[in-house]
Amino acid sequence: MDLQKTSYRLSVLSTKKPKTIYIQEVEEALQSKYEGIQVCAAKTLGAWGDARSQEKLKTFLTTLSKLRARWGAITAAVDALSPHLSSSDIPWVVNLALRESTPANRHVIFNLFSALPRDELLAEMTREFNKGGIEAGEFTQARVALYRIRTG
């Protein structure tokens, strides 16, 4: 695989409308063993921004967030997905940030918070803290993220 050509191809696809053949190509790139190719694929999905692309980014992000430190690809997915998030995504983001992701990846996942409506996010976080089941380290990380939200 020529990584430079593949990266360039994905960049070009980001400027086109998502067609079935392009979608398959980008979805395959998300599964690449090369993180740089995954980053380019995530950026393409973010540029497309349609509902299917958003769902693919969410699935990709959920999967990556459970692995050992994958900050490059996770950051790309967070950046690509952030402009498309709405208040209806808050429960998914909070669950991902507090429960689904590994502690090593959370500092990047918390960047999704800034793309969400602040007051609604704070209300959801409060509900999650009140439920319990959040370990001390996770609670501390989340409190830091919440502080950043509050002080905006």
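Which helices each supply at least two residues of the lining of the largest cavity? H2, H3 and H4 do. The views below are taken from a predicted model, in which local features need pLDDT of at least 70, side-chain atom pairs count only at pLDDT 80 or more, and totals for chains, interfaces and linings use all residues. Residues are numbered from 1 along each chain as its sequence is written, and side-chain values use heavy atoms, with hydrogens and water left out.

View 1. A search of the whole structure finds one cavity of 30 Å³ or more, and the volume of the largest cavity is about 30 Å³. A cavity is a set of points, on a 1 Å grid over the protein atoms alone, where a 1.4 Å probe fits but cannot get out; lining residues have an atom within 4 Å of a point. Grid points are joined across faces, edges and corners, and a volume is the space filled by probe spheres set on the points. The lining consists of Ile-23, Glu-27, Leu-45, Trp-48, Asp-50, Arg-52, Ser-53 and Lys-56. H4 gives the most to this lining, with three residues. Helices are DSSP runs (H or I, at least four residues), numbered from the N terminus. By class, the lining of the largest cavity has three nonpolar, one polar and four charged residues. Ala, Val, Leu, Ile, Met, Phe, Trp, Tyr, Cys and Pro count as nonpolar, Asp, Glu, Lys and Arg as charged, and the others, Gly among them, as polar.

**View 2. Ser-53 in helix H4.** Ser-53 belongs to H4, which covers residues 51-65. Ser-53 counts as buried because its relative accessibility is 3%; buried means under 20% relative accessible area (1.4 Å probe, protein chains only), with exposed over 50% and partly exposed in between. Residues up to four places away in sequence aside, Ser-53 touches Leu-45 and Trp-48, where contact means heavy atoms within 4.5 Å. Leu-45, Trp-48 and Ser-53 are among the residues that line the largest cavity.

**View 3. The largest pocket.** The largest pocket holds about 180 Å³ of space. A pocket is an open set of grid points with protein on both sides within 12 Å along at least five of seven lines. Glu-27, Leu-30, Gln-31, Gln-38, Lys-56, Thr-59, Phe-60, Thr-63, Leu-64, Leu-67 and Arg-70 form the lining. Helix H2 (20-30) and H4 each supply at least two residues of this lining, and H4 gives the most, with five residues. The lining of the largest pocket divides into four nonpolar, four polar and three charged residues.

**View 4. Packing of helix H1 against helix H3.** H1 (residues 3-13) and H3 pack at an angle of about 5°, with their axes 8 Å apart. H1 is therefore roughly parallel to H3. Axes are lines fitted to C-alpha atoms, for helices over the stretch in contact, and angles run from 0 to 180 degrees between N-to-C directions. Angles under 35 degrees count as roughly parallel, over 145 as roughly antiparallel, 65 to 115 as roughly perpendicular and the rest as oblique. On the H1 side are Leu-3, Thr-6, Ser-7, Leu-10, Ser-11 and Leu-13, which meet Ile-37, Cys-40, Ala-41, Thr-44 and Trp-48 in H3. By class, the residues of this contact are seven nonpolar, four polar and no charged.

**View 5. Cys-40 in helix H3.** Cys-40 lies in H3. Leaving aside neighbours within four places in sequence, Cys-40 is in contact with Ser-7 and Leu-10. The C-alpha atoms of Cys-40 and Ser-7 are separated by 6.1 Å, although the two residues are 33 residues apart along the chain.

**View 6. Packing of helix H3 against helix H5.** The axes of H3 (residues 35-48) and H5 (residues 71-81) are 8 Å apart, and the helices pack at an angle of about 5°. H3 is therefore roughly parallel to H5. Glu-35, Gln-38, Val-39, Ala-42, Lys-43 and Gly-46 of H3 make the contact with Trp-71, Gly-72, Ala-73, Ala-76, Ala-77 and Ala-80 of H5. Seven of the contact residues are nonpolar, three polar and two charged.

**View 7. Leu-81 in helix H5.** Leu-81 lies in H5 and, at 0% relative accessibility, counts as buried. Beyond residues up to four places away in sequence, Leu-81 touches Gln-54, Leu-57, Lys-58, Leu-61 and Trp-92.
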